[in-house]
Amino acid sequence: MLKPRNMKIADCTCLMCGSRLGLTVTGVVTGDNRGTCPMCSEPFLVNITREEMEAFLEAEEEQPIKGSH
């Protein structure tokens, strides 16, 4: 899975309807993550590599600076 830098796991969306899948860092594992879209009920498969998991964890740790947009 190719992803832009600083993308969070919660940003993953359904390929069928575009809705967010509701994934969390604590709810996924390295490797295959399967489920159904909460909006359209289509099955999904998100395969996360070790490097991607490290990037997701890093993005989750980053805190926005107060007052910046």
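This is a predicted model: local features need pLDDT of at least 70, side-chain atom pairs count only at pLDDT 80 or more; totals for chains, interfaces and linings use all residues.
Residues are numbered from 1 along each chain as its sequence is written, and side-chain values use heavy atoms, leaving out hydrogens and water.

Next, the fold. I found one helix and two strands, in the order β-β-α along the sequence. Helices (H or I, at least four residues) and strands (E, at least two) are DSSP runs, numbered from the N terminus.

Then I checked burial. Buried residues make up 28% of the 69 residues; buried means under 20% relative accessible area, exposed over 50%, and partly exposed in between (1.4 Å probe, protein chains only).

Why does Ser 19 count as buried? Its relative accessibility is 18%. Ser 19 sits in the segment before strand 1 (31-36). Leaving aside residues up to four places away in sequence, Ser 19 touches Cys 12, Thr 13, Cys 14, Cys 37 and Met 39. A contact means heavy atoms within 4.5 Å.

Leu 57 was my next stop, in helix 1. Leu 57 is partly exposed, at 37% relative accessible area. Leu 57 and Met 7 are 50 residues apart in sequence, yet 9.9 Å apart in space, C-alpha to C-alpha.

Last, I looked up Glu 62, in the segment after helix 1 (50-61). Glu 62 is partly exposed, with 39% relative accessible area.
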